[in-house]
Amino acid sequence: MGTWGHELYDNDITCDIRDSYIGFLQDKVSDKDAYDKILELYHECIGDEYDEPLFWYALADTQWGVGRLTAEVKEQALNWIENDGGVSLWEGSDTDSSNWRKTLKKLKIKLEKTMPSKKRIRKPVAVNQNLWNMGDVYAYQFHTEESKEYGVYGKYMLIQKMGEGHAYWSELEEEPIMRVHVFDKLFDYTPTITDIKRLRLLPLGYPRDTDNLFMNRLAKIWSKKDYPKKHLTFIGNTIVPLSTVIVRHYDEYFDWKHIESHCCMYYQYWQGKAYETIGEGLFRYINFE
């Protein structure tokens, strides 16, 4: 699981659960079926000391926001809050633990307020998820306040389309979504296609997640305004490294809306760490401390 802050949706798990649940409602399934589907989709979270509290927090917060919070979900979330669920993510840091508890306190106050009326959830206008040609390489320029905190403001990172796939969060998803990988180097200038030679790929995951991690992900665009067109510069097309081709049916996605959070954290985590590819699109770290 990737975590980049102390707010409720500053991690992959809560973002995925929120987006998946809303996606089910947008597909016009019943409230009960949406709940059943989210339980089935994220069944591995239940019983996990890190993920289970985040699951109930995100589901409770999302259900409350759309006027569908059930007694069971509310009870689960409040019980976990009472027991500091998720604080183990910040073990060893009093400041981080304190900030997380503040987030939980805000969530508790919210869940105990009167829930808003049930909202009608409309399916968003379809967005083209497959904008690039296979092998296209773009230079993305960091430009947000967050990138200043990481010291990468104004720098460039190379992203390449290396495949296509389909989403798992919506049964109605039919259009292919482009799959991308990211190169593990930052540039002070707009790079050219020749700069891609001999660069290693940046793992799109965190060392502590698991022994087997993703080298590439689906590139999800939730709405047109999320796609950072003006910060992307096309630099050319080149052969995709065969060792990174992936054939998995689905996996987690790369969210364009939060690209800077993702890339800044991944880049920071993997500097100086060794890893090896172990299959098509997967890797594991080695000599990690």
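**Close-up 1. R18 sits over the ring of Y9.** In this predicted model, R18 lies over the face of Y9, and the distance to the ring centre is 4.6 Å. Another charge-over-ring spot turns up at K148, which lies over the face of Y153 at 4.9 Å from the ring centre.

**Close-up 2. Helices α1 and α2 cross at roughly 145 degrees.** Here's α1, residues 12–26, together with α2, residues 31–41. Their axes come within 9 Å, and the crossing is right-handed. On the α1 side, the contact uses I17, S20, Y21, F24 and L25. Those residues meet D31, A34, Y35, K37, I38 and L41 from α2.

**Close-up 3. F55 and W56 make an edge-to-face pair.** To describe a pair of aromatic rings, you give the distance of the centres and the angle of the planes. For F55 and W56, that's 4.9 Å centre to centre with 85 degrees between the planes. The pair counts as edge-to-face because its angle is over 60 degrees. Are these two residues buried or exposed? F55 counts as buried because its relative accessibility is 0%, under the 20% cut-off. W56 is at 4%, so W56 counts as buried too.

**Close-up 4. Ring pairs tie five residues into a cluster.** The members are W132, Y138, Y227, F234 and W256, linked through ring pairs. As for the overall tally, the model has eight aromatic pairs.

Conventions. Residues numbered from 1 in each chain as written. Predicted model: local features only at pLDDT ≥ 70, side-chain atom pairs only at ≥ 80, totals over all residues. Heavy atoms only, no water. Axes fitted to C-alpha atoms, helices over the stretch in contact; angles between N-to-C directions. Helix = DSSP H or I, 4+ residues; strand = E, 2+ residues; numbered from the N terminus. Left-handed = near helix turned anticlockwise from the far one by under 90°. Contact = heavy atoms within 4.5 Å. Phe/Tyr/Trp six-rings, centres within 6.5 Å; stacked < 30°, edge-to-face > 60°. Buried < 20%, exposed > 50% of the residue type's maximum accessible area, 1.4 Å probe, protein only. Lys NZ or Arg CZ within 6 Å of the ring centre and 35° of its normal.
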